[in-house]
Amino acid sequence: MSVRQALDEERGHGALFLWASAFFATGAALWRILPSDPPFVATLGLTIAVGLAAALTASRLRNLLAALCMILAGLASAAAEADRRAITVLDSPVVTTISGRVLSREIDEEGRWRYLVEVLSTHDPTLRRPPERVRLLARSDHPDIEIGASIIGLARLAPPSGPAMPGTFDFAFNSYFTGIGAFGFFYGPPGIMPGAQVEEGYANRIARWTTELRETIAFRIKEVIPGDAGAVAAAMTVSDRRSISEETNEAFRITGLAHILSISGLHMSLAAALMFTGLRLGFALVPGVAQAWPVKKFAALGAIGTSTFYLLISGAVISAQRAWIMVVVMLIAVLLDRAALTMRNVAIAAFLILLVTPSAVTSPGFQMSFAATAALIAAYGGWAARNRIKTPDFTTSKPGFVWRWTLLILGLAVTSLIAGAATGIFSAHHFHRMSSYGMIANVVAMPVISVIVMPFGTLALLTMPFGLDAIFLTIMGLGLEAVIAIGHHVAAYGDGFATGKIPGAVTALLSLALLILVFTRTWLRGAALIPALAAALIMAAELRADRPLLLIAEDARLAAILREDGLATNRARPSSFIFDQWATATRLATHVPPIVAVDDQAQLLLDEMTSDPDEAEAEIDPAIAYGMMRQAVRELDDGQMIGVFQCRRGAFCVARLENGTMVAWLEEPAYVGPACDMTDIAIIPIPLSMRQCRSGAKLFTARTLRETGAIAVYAASTGEGFAANEARAAGTGSGTQFDPQPTFRFEQSAGRMRAWTRHRYYDWRTGSFTEPGGDDASSVNTHMSEDRRAADSIDQ
């Protein structure tokens, strides 16, 4: 078959419609990586212009313009969503008294409440830019605060965190498009705000009713099913996942069973299938009705109603919306007497979701769900087409019981293998890990979920209003205990394969290869090898490329040196939230703690100076600061301690990287001058007004990192990078500007003003926004030479 014939056949199978949805998704994804937010009106106008040109153009150029039009339409949809959201994200951490209305609440495994609060006011201090919605943890015992009630309390708020290192998952992006502008916790127990309740509109009353219903169902499930089984049942039913223990969560992540916790196509389709099958069987018991009426369509309508109810009680999160659309599209196909499970229906569902929430295109839930569904439809569609061209053999007897169960197990294994391969691309990109034993866990657990857990869970929901749900919930709980046991048992075999950080180009190319495989039916499917090979070449080059020397968290509190045997940090107990992300992205899980010096003379002098009870705000003598820094740097010069932080308690930590770069992490501003003079990189978790070292060393402060996000430091190539004064080790430099030497370069995770990063560039002092890198503040320490001479006298 020639290329033209193959293209004609693909067109006859509806390939143009499938690729139109893929191009729309491409435009929505491209919007995220643009340097700035494109205006919606301009993007829409350009989309219409290209669309008209495509309609008026003949033959070959028309397809190219049509593809460009769909990409621009995706861009316009994403721009419209960003304008529609337009939420306020908190610009910096603050402690304030917050008053608001409880929109929803969850209870975690430790019995602590997490409230989603609509902010009505703040005071002490009053925020100029208060976020509209915040999520707050209440760690103290307090009276129950119902959904819809007014809440008040002293809280610490912080903006959502960005990527832990360049190229990793951006929590700020996800928070922006879910409408949450800050996270935090209450100091002490929150209270109910006195006064009249807040007036609610019609939409808010419906939202409150559904939220209360979800909470009632979750409490009832946990009342009947104790422990992790009840928590997992609540997650599968109403998407309440906070109560699941970390051990079970980790076991499910390792074994690839975490997908059962999300309201996905599995849950929605099983619930709809149970209702559809039950109604058809019920109508079949009345032959007159079954013969006179289209009972199959009545059953489809009932299944649509069941799926819609399930969507409401699940909280209507993105994954549930996606599953509901796909199920409803298939059921509408039944109503119209069309094939219910086709690739076209998958494309319709993807297009509808991205039209409303285009930001979902880069989320792991969207990508993994549609990848698995499309791969399974393509695989089993090809298998069914292959069987249709075979001549049926009517002489063969029906398979026996053992053979039928063997086929069932093989079918589950193949299904798990296909879905795992399709979703593995995105699992590696987002979570830097792939499950080694996912197929085993899914083959063993899925029959229990399909035969016991979901059917009895659905029956429990249907009978719960009548108080007849206990027996069904109990059976559901027994099934889930078996699933949890399977997860823990398989997880004991190993924690999977750590892939490390995957470049975005690799994920994009592999996604293109997957689309070619699932969308094409002719020999053109072999074209998937081209992007797959290109992705392999890029990944091979990435594995040979230099890894970072140093990682710096965006709050400057944690820094880590990458070694062959693990990550060496400046803290004995690093933040698990940041460290775990670094460990998976770098494939270095071992923690190397710092070496803390507590007995040198300068440290004892410092302790005496700063421990005076009459001088709580006692300043550190600059001479001692210089002396301590010089001594620490000299200890590094012997070359024996490379790749580990050596710390002076309450003062600073210093380290030498593989390429000789000196790093200083500081706890006090008094050490900034010495660090700038004697090291190459100075890090301080304080928002200083200064932005650069006069000596040429690189200064990272809480203020500069707020704009740039987390930093990854690499060894520099010739002609690029920064270096401090050549005389830094001796401490005899003049502190003046000099020509930088190639020592290191760095990558930042932010640095662009986009809708979800704009808060980084807000100055509360002026009430205005500044462009990234536009503020040139003063250099460091105007009295370096005098402080250095004082340090010299101490040494003598």
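In the predicted model, L127 touches L90, V94, T96, T122 and L157 when residues up to four places away in sequence are not counted, a contact being defined by heavy atoms within 4.5 Å. L127 lies in the loop between β2 (113-123) and β3 (133-138), where strands (E, at least two residues) and helices (H or I, at least four residues) are DSSP runs numbered from the N terminus. With a relative accessible area of 15%, L127 is buried, the classes being buried under 20%, exposed over 50% and partly exposed in between (1.4 Å probe, protein chains only). L90 is 37 residues apart from L127 along the chain, and their C-alpha atoms are separated by 9.2 Å.

Helix α7 (residues 227-238) has 12 residues and should span 16 Å at 1.5 Å a residue, which agrees with the 17 Å between its end C-alpha atoms; the expected span is 1.5 Å times one less than the number of residues. This helix is mostly covered, with 10 of its 12 residues buried, among them A229, G230, M236 and T237. Just after α7, S239 adopts a positive phi of about 60°.

For the chain as a whole, 25 helices and 22 strands are present, and 47% of the 796 residues count as buried. Of the contacts between residues at least 6 apart in sequence, 68% join residues at least 24 apart.

Residues are numbered from 1 along each chain as its sequence is written, and side-chain values use heavy atoms, with hydrogens and water left out. Because the model is predicted, local features need pLDDT of at least 70 and side-chain atom pairs count only at pLDDT 80 or more, whereas totals for chains, interfaces and linings use all residues.
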